[in-house]
Amino acid sequence: MTLPLYFSPEVAEARANGQPIVALESTIITHGMPFPQNVQTARRVEAEVRSCGATPATMALMGGRIHVGLTSDELDALGQSKDAAKISRADLAACLISGRTGATTVAATMICAHLADISVFATGGIGGVHRGAESSFDISADLTELAATPVTVVAAGAKAILDLPKTLEYLETLGVPVIAFGQDDFPAFWSRQSGLRAPLRMDTAAEIAAAQLMRTALGIPGGQLVANPIPLHAEIRRETIMPVVEQALRDAQSNGVAAKAVTPFLLQRIFELTKGASLVANVELVLNNARLGAAIAIEIAKQK
Ligand code: PSU
Ligand code: MN
């Protein structure tokens, strides 16, 4: 069976010329941000990757194919779609045979990136171990994907909607390198500090690239998580965001939100409660991650 991979003209050209490519996810577009900011942000992130000398490849499932890179019209349609499914590892094959439109989570984007021979992926935040996971068992498939698939994921840490200590413990159990970029603390998405020390710290894109190549050379499967702190000017301090997060969690509970709906519900609720301020910070940190992702992709191409 041939792989149902479809490359956009831009990505096909980059591949033909051996240029560095950065994968981008699409659940952040369909389930992570409201329209029209979702499409505007996706375009800005793609432009940022280009201006740093790499090619962006936004992943989505459409018409039974894995689209590696979207045209401007496709991106627009996805951003306005009301019925795009949220696709993780478990849903990928079923979505493709149905021909439905699917937006890829971190886990699914890693799988698609690896199939397309792309080793770097930039996003906002990853899924993790939810608070109360000891009874709900809600642990994102993003974590096990990091243990399995050789892609370096650049994120701004994880949101405080999650249990951060448990998320770090779980990543350690899975053997996933968690690398804070340029600081000792594991960043907490909107805030630069989580109060938790990251297991590893690196200060250059070259080191991060070398570590991924070494891991592959050693035959250790899986990728690495690069936790890149939000730029200082865009930060929302922990004291400000934590009460909002607590409120959103209470709302999720009283509305009986469960399973795949939890993360999108919390993101939307926090957006409402902060009157959009959470989104402004979110956009800045994704742009920042796009820059670092491009720098790592360029280094991997050099060092390979
Ligand atoms: N966290 C964010 N923004 C997001 C997501 C998570 O701060 O957009 C999305 C990503 O696509 C991630 C997914 O892979 O939610 C995780 O969902 P779950 O917790 O259901 O695995
Ligand atoms: Mn979940």
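Let me start with the site itself: the space taken by ligand 1 is the largest pocket, where a pocket is an open set of points on a 1 Å grid over the protein atoms alone, with protein on both sides within 12 Å along at least five of seven lines, and a molecule sits in one if more than half of its atoms lie within 2 Å of its grid points. The elements giving two or more residues to the shell around ligand 1 are α2 (27–30) and α12 (262–273), helices here being DSSP runs of H or I with at least four residues.

Please keep in mind that this is a predicted model, in which local features need pLDDT of at least 70 and side-chain atom pairs count only at pLDDT 80 or more, while totals for chains, interfaces and linings use all residues. Residues are numbered from 1 along each chain as written, ligands are numbered from 1 in the order written, and side-chain values use heavy atoms, without hydrogens and water.

Domain 1 (1–118) and domain 2 (119–304), with bounds from an automatic or database assignment, both contribute to the shell, so ligand 1 lies between them.

Of the 16 residues around ligand 1, that is, with a heavy atom within 4 Å, E25, K86, S140, D142 and K159 come nearest.

Conventions:
On a 1 Å grid over the protein atoms alone, a cavity is a set of points where a 1.4 Å probe fits but cannot get out, and a pocket is an open set with protein on both sides within 12 Å along at least five of seven lines; lining residues have an atom within 4 Å of a point.
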